[in-house]
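Subject: Structure handover and findings

Hello,

Here is the structure we talked about. Please open it first, then read the notes below.

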Amino acid sequence: MSFDMRVGIITYWTSSDNYGQQLQAYALQAVLKKIGHNPFLVRFVESTRQPLLERILRFVGSPRSIIYRLSSKGRHEAREARKKSHLAALWQEKNKERQFGAFQERWLSVSPTVYHTIGELRENAPAADMYIAGSDQIWGRPLQEPSSAVCFLDFGSRATRRISYAASIGRQLEETEKPMFQRYLRHLDAVSVREVSAQEQCHEAGVWAQVTLDPTLLLRKDDYHQIRSECPGEKGCPYAFLYFVNVKSPEEIYWGQTDEYLRSKGLAPRIVMGSGYLTGREVIENHKSIFATIPQWLNMIANAECVFTTSYHGVIFSIIMHRPFIVFKLIEGRYRGNDRLSTLLGSIGLTGRIFNPALSIEEQMAAPICWETVDSLLARQREESMDYLMKNLQDRNETDTV
């Protein structure tokens, strides 16, 4: 029985400032390589180019929209839009310092072809024994969009086995989407998701789904050592690591209390900002974000006295590195990213690390964490998650030998 399978993976990978996105892509490949397979990232980049006529009509607009653009309110909104676009361009330029492209070249195996539409994938899908969808919130986009078919692996030979691994929806599906969701799920040979809310939606569609760990948690601290060794460890005065994504204002991270805590402990803030649902931005006045590489980012967590974050993967790597942390929940339209946090922290007894405004940061950060218990609970989930992968990889091999 051969265990050297080609495994094509569909996931998000194009961000220039989302560390978790890059590391989950790396981790799933690393795990598959460990058990003797040949994984690769299927490089799908959705085309955003509109047909010429649509671009012209959008530029010109309807008579009503032209009149609105000429009004004082319309001109104000246009100025604000230009300002945001300019700031986004500046942020993207600074993001080059993070060197995500170099990380991908060093650590990821990729398809030789970059695909831009589901049509291109259906015409010329990369050969594979198995396709895997996941991890990340790849099932979160509106299902009516043609690119959703990519994230449910609706391409390639019918003989190729298809599974999801820790796929995330990150929202409640609309009623109109549910029939399509059910059809997509039934194309898959096995389904695993990352949070309980996604599992419930799969079960409602009549398809069994297993909750599995994010790929980054299938690896242990030592497994990241080679990446971390590519940059020197953090030195100097004691510091707290602050990693925030999807944040509009300092009030969302209770900056007054956080800053007071850091000053009382003599901790310098080392801040990394990222994007997500929102464009990346500076949030904390008089404190500039560090545009860290991925090795630097890992080392900054590993050597911090404590971590403050709004990020799911900021939490995960605090756990992997055994760093005390507080996570601030996302608000407004960004709250849908909180389900995965609740699932993970609830499963390992760490819901007390979610910021509670009724308690002081001093109380919450000082609460002890029994890392031995946490590691034991994670080990059990890691075993169940690996069993899911191994079973489905084995099922394919057994089919090949019949």
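Strand E2 (residues 38–44) and E3 run parallel and are joined by three bridges. Leu-41 has Val-110 in E3 as its bridge partner. Please keep in mind that this is a predicted model.

**The five-stranded sheet**

E2 and E3 belong to an open sheet of five strands. The order is E3-E2-E1-E4-E5, and the pairing is parallel. Which strands are at the edges? They are E3 (110–115) and E5, each of which pairs on one side only. Neighbouring strands are turned by 25° against each other on average, with direction ignored.

Helix H1 (residues 19–34) lies across E1 (6–10), E2 and E4. Its direction runs at about 155° to E2.

**H1 against H5**

H1 also meets helix H5 (residues 100–107). Their axes come within 11 Å and cross at roughly 5°. The cut-off for roughly parallel is an angle under 35 degrees, so H1 counts as roughly parallel to H5. From H1, the contact uses Tyr-19, Gln-22, Leu-23, Tyr-26, Gln-29 and Lys-33. From H5, it uses Phe-100, Phe-103, Gln-104 and Trp-107. By class, the contact of H1 with H5 has six nonpolar residues, three polar and one charged.

Two backbone details deserve a look here. First, the peptide bond between Gly-134 and Ser-135 is cis, with omega at about 5°. Ser-135 sits in the loop between strand E4 (130–133) and H7. Second, Asp-136 has a positive phi of about 80°, although it is not a glycine. Asp-136 is also placed in the loop between E4 and H7.

**Aromatic pairs**

How many aromatic pairs are there? The count comes to 24, taking ring centres within 6.5 Å as the rule. One of them is Phe-152 with Tyr-184. The ring centres are 4.7 Å apart and the planes are at 10°, so this pair is stacked. Phe-152 lies in the loop between helix H7 (148–151) and strand E5 (161–164). Tyr-184 lies in helix H8 (residues 178–185). The pair therefore ties together parts that are 32 residues apart in sequence.

**The four-stranded sheet**

There is also an open sheet of four strands, again with parallel pairing. Its order is E9-E8-E10-E11. Strand E9 (268–274) and strand E11 (325–327) are the edge strands, and each pairs on one side only. The twist averages 15° from one strand to the next.

Inside this sheet, strand E8 (residues 239–245) pairs with strand E10 (residues 306–309). The sense is parallel, and there are four bridges. Ala-240 stands opposite Cys-306 in E10. What packs on the sheet? Helix H11 (residues 255–265) does, touching E8, E9 and E10. The direction of H11 makes about 170° with that of E10.

**H12, H13 and H14**

H13 takes part in two helix contacts described here.

Take H12 first. Helix H12 (residues 294–302) and H13 pack at an angle of about 60°, with axes 9 Å apart. The two helices are therefore oblique to each other. H12 passes H13 in a right-handed crossing. Trp-297, Leu-298 and Ile-301 of H12 make the contact with His-313, Gly-314, Phe-317 and Ser-318 of H13. That contact has four nonpolar residues, three polar and no charged.

Now H14. Helix H13 (residues 312–320) and helix H14 (residues 338–347) pack at about 20°, with their axes 10 Å apart. H13 and H14 are therefore roughly parallel to each other. Their crossing is left-handed. Tyr-312, Val-315, Ile-316 and Ile-319 in H13 meet Arg-340, Leu-341, Leu-344 and Leu-345 in H14. The residues of this contact divide into seven nonpolar, no polar and one charged.

Best wishes

Notes: Residues are numbered from 1 along each chain as its sequence is written. This is a predicted model: local features need pLDDT of at least 70, side-chain atom pairs count only at pLDDT 80 or more; totals for chains, interfaces and linings use all residues. Side-chain values use heavy atoms; hydrogens and water are left out. Axes are lines fitted to C-alpha atoms, for helices over the stretch in contact, and angles run from 0 to 180 degrees between N-to-C directions. Angles under 35 degrees count as roughly parallel, over 145 as roughly antiparallel, 65 to 115 as roughly perpendicular and the rest as oblique. A crossing is left-handed if the near helix is turned anticlockwise from the far one by less than a right angle, and right-handed if clockwise. Contact means heavy atoms within 4.5 Å. Ala, Val, Leu, Ile, Met, Phe, Trp, Tyr, Cys and Pro count as nonpolar, Asp, Glu, Lys and Arg as charged, and the others, Gly among them, as polar. Two strands pair if DSSP finds at least two bridges between them. Rings of Phe, Tyr and Trp (its six-membered ring) pair if their centres lie within 6.5 Å; planes under 30 degrees apart count as stacked, over 60 as edge-to-face and the rest as tilted.
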